[in-house]
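Subject: Handover of the structure

Hello,

I am passing this structure on to you. Please open it first, then read the notes below.

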Amino acid sequence: MTSLKFDDLVRTTGTTPRQIRYLISQGFVPPPTGGRTYAAYSGAHVAAIRRYDRLRSLGFPPAAIRLLLGAREGIPVPIVAGLTLVIDPDLIGSGGDVAAVAALGAQKIEQLLSEAAPDEPA
Amino acid sequence: MNPRKLLVDPLAALFRNELAGLPPLLLDETEIDVQVVAPLAVITIARRFTNTSAQLIEAVLTLPPLAPGEILYRLIVRIGGVAYHAMARPAGRARRAHDAAIADGRRAILYELLAHDIPMLSIAGIEAGAQVEISTWSIRPLARPDPGRATLQIRLSAASEAAIFSLPDADAPITTPKRHAASLTVSAEGKQVTISGQPYPDRVMAGSEAVGVECSTPIFLTVIPLEGGTLDHAEWHVDKPGGWEVTSERGVETFRHPANPDGSVASDRTDWIFGAVPTVAGCIRVTAPLPTDGTLPNAGGLLEIAPNARGMRAFAAAGFVETATPQDAAAVRLAAGILDRRTSLAFIGPLGELPDEIPMLHKLALAEMEAIDFGNMAEEPIDPDPFRDIPPPARPLDLPPPQATPTVTGPVQSLGHWLTWAPILLIIGALGASFMAINLPFLPLISIFTALMLINARRFLPPRGAPVRARLPLLAFLALPWVASLIFGPIIPQLLTGDMPDIADWMIPLQYGLLAAAVILPCALIAIVPGARRFALVLGLLNLVLAFFLVSASIITLSPGS
């Protein structure tokens, strides 16, 4: 992604300017490059804001988000009882070919949960 | 694994100190002053804190929701001893200007009302080590549990309320178990005030005595009238300019006028406010003239309606919701400086006052709320917005005639449309006339166009005292292209001598250059007058049009048939 100005970052993420300033001050989003006068933001800032928003919408408090982002194990997201998705924090809000990844996940879940054995014809 | 052997708290990690992020700022001191003017209370709260960090910061303080009927009408922030007065502005515009000012590195203060009437204050541009004092003034009605007793509850901390948790993290209040010094003074002439709900036994407050209070618990005051006193208030000042009339006594006729002592008013004046509110105890009516004559604009360029604004605040605070007024509610809120969901209090400092760094946002913590049994006291604001844009209640029969309350917004809006479209039509006419496509006199058209554009520009002139006013003289450069076109072109010599002057080679390129300058100059000047851009745009368009016609005339004169 090309360099963004602060207004562009606000528009892209749909977050309030104050919330972005808060996230930067709390260390959830890196500070801009270029100092105050030439402050520039990038895709990393957009991804960090989206990651925080997604985790908050999942119910994680800020302290838990800080803990999860610092951990190596990935972030556990319950799907249904007995099934939890563990995801690399860097992937949250990063975009990419989401449909292909979701299809792979669905295929894997179907494979694991299906009543028929994998080598049996369905 | 046997769950009984699980001796480690699984949530302990969430409370590790290093997870707290940037620690919040703490209040050093809170001073509360209550002036009981039954049935109202004027509450002044001064909160002090210090920027203990080593950098420029933006301090964000979220306060408990406003009490029912509470009207906050003044904010002064002192940073390092310098007082900054916040002025009322439309909320959306104030927030955008605040965010832009922080990005520009200016000092900026914004006091706004969030959802659920939660006040939030952002002070950006606090230097390292600076001491800050936040002073707020509000007025609210005393609760009347019974006719002979009034009560007042003041909350200085935030409770665990669902409404607060729905706020974004940047806006949500935060609390601290750490305590700070707080004191209360109460003045109540002819009344006895008792303080309760504090960690000490209930005590009667003596006049001007400062008592220590605990911010984590609500302050609860009980007011009873002394011998022969009353908890109601009535004033009648309509016999002098700026006067007003009000009473809190329910069911009492107050609609009097020197010319109408019997209480019925028939007036064709449009500068009066008339109001009537049906209450369970009967209809309460108020009337007051709006003293605009001879009133000078305040520091922010706004025409104050005080002392009548005090009357309006009193009406609203006492539950006399605005009903019929020739001023629209937004204008009254702005003029009276009232904090509302649509009106914020804001201050924007000049450029270059602060060091060139991005202020780091710090939350300012309130004292942690203690779990207290509030009994049957109402904790949640019910509907504190005093100036809602709601249709007025049914008019009682003896209210002034409808023609006494014309609205101001309609004509102003239509005038604005007219001022926008008329110059466009005129310029089309002038173009047609100049190329002889239409048989219209060119000079009158362009003169009217110029006059209308100047009137248009005046509409967008920044208020007196605005920092950008100092840069407005630079806009005089906008006239340079057409002035130069006249001086260095053939028109003036031809008019003076009647003969065609000698044509130099540089004249035609110069004229084209001046036309280009007439386009470039406004773009450059608009950039350096933030806050007066529409003003500069209108003047830029005016000068561009003048330059276009003069350059065209010069080129046609220099090169006939071109």
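Predicted model: local features only at pLDDT ≥ 70, side-chain atom pairs only at ≥ 80, totals over all residues.

**Chain A**

Chain A has 122 residues, and 34% of them count as buried. It holds 5 helices and 2 strands. Read from the N terminus, the order is α-α-α-α-β-β-α. Take the contacts in chain A with a separation of 6 or more: 43% of these join residues 24 or more positions apart.

**Where the chains meet**

How much area do chain B and chain A bury between them? The figure is about 2100 Å², and 56% of it is on carbon and sulfur atoms. On the chain B side, 31 residues are in contact; on the chain A side, 19 residues. Between the two chains there are 9 residue pairs in polar contact, both residues at pLDDT 80 or more.

Several elements of chain B give two or more residues to the side that touches chain A. They are strand S3 (57-62), helix H1 (91-103), strand S7 (108-113), strand S8 (119-126) and strand S23 (360-367). H1(B) gives the most, with 5 residues. By class, this side of chain B has 15 nonpolar, 4 polar and 12 charged residues.

**Salt bridges across the interface**

The whole structure has 20 salt bridges over all chains. Between chain B and chain A the count is 5. Two of the pairs between B and A are described here.

One pairs B:Glu112 with A:Arg18, at 2.7 Å from N to O. It crosses between chains, from strand S7 of chain B to helix H2 (residues 17-25) of chain A. Are these two residues buried or exposed? B:Glu112 is buried, with a relative accessible area of 6%. A:Arg18 is buried as well, at 2%. The cut-off for buried is under 20%.

Another pairs B:Asp99 with A:Arg21, at 3.1 Å from N to O. B:Asp99 sits in helix H1 of chain B. At 12% relative accessibility, B:Asp99 counts as buried. Leaving aside neighbours within four places in sequence, B:Asp99 is in contact with A:Pro17 and A:Arg21. Within chain B, the C-alpha atoms of B:Asp99 and B:Ile109 are separated by 10.0 Å; these two are 10 residues apart along the chain.

**Salt bridges inside chain B**

B:Glu353 and B:Arg107 meet in a salt bridge of 3.4 Å, N to O. B:Glu353 lies in the loop between strand S22 (343-348) and S23, and B:Arg107 in the loop between H1 and S7, so the pair ties together parts that are 246 residues apart in sequence. B:Glu353 counts as partly exposed, at 33% relative accessibility. B:Arg107, by contrast, is buried, at 4%.

B:Glu214 and B:Arg179 form a salt bridge too, at 2.9 Å from N to O. B:Glu214 is in the loop between strand S16 (210-212) and strand S17 (219-225), while B:Arg179 is in the loop between S12 and S13, so this pair ties together parts that are 35 residues apart in sequence. B:Arg179 counts as partly exposed, at 39% relative accessibility.

There is also a network of salt bridges. It links B:Glu29, B:Glu31, B:Arg48, B:Arg78 and B:Glu133.

**Two buried loop residues in chain B**

B:His180 is in the loop between strand S12 (175-176) and strand S13 (181-187). B:His180 is buried, with a relative accessible area of 16%. Its side chain joins that of B:Thr30 in a polar contact of 2.8 Å. Not counting residues up to four places away in sequence, B:His180 touches B:Leu27, B:Asp28, B:Glu29, B:Thr30 and B:Cys215. One of these, B:Glu29, also belongs to the salt-bridge network.

B:Leu63 is in the loop between S3 and strand S4 (71-79). B:Leu63 is buried, with a relative accessible area of 6%. Beyond four places in sequence, B:Leu63 is in contact with B:Arg47, B:Tyr111, B:Ile118, B:Pro119 and B:Leu366.

Best wishes

Definitions and conventions: Residues numbered from 1 in each chain as written. Chains lettered and ligands numbered in written order. Heavy atoms only, no water. Contact = heavy atoms within 4.5 Å. Buried area = accessible area lost by both parts, 1.4 Å probe. Salt bridge = Lys/Arg side-chain N within 4 Å of Asp/Glu carboxyl O. Polar contact = N/O pair within 3.5 Å; in protein donor to acceptor, adjacent residues only side chain to side chain. Helix = DSSP H or I, 4+ residues; strand = E, 2+ residues; numbered from the N terminus. Nonpolar A, V, L, I, M, F, W, Y, C, P; charged D, E, K, R; others polar. Buried < 20%, exposed > 50% of the residue type's maximum accessible area, 1.4 Å probe, protein only.
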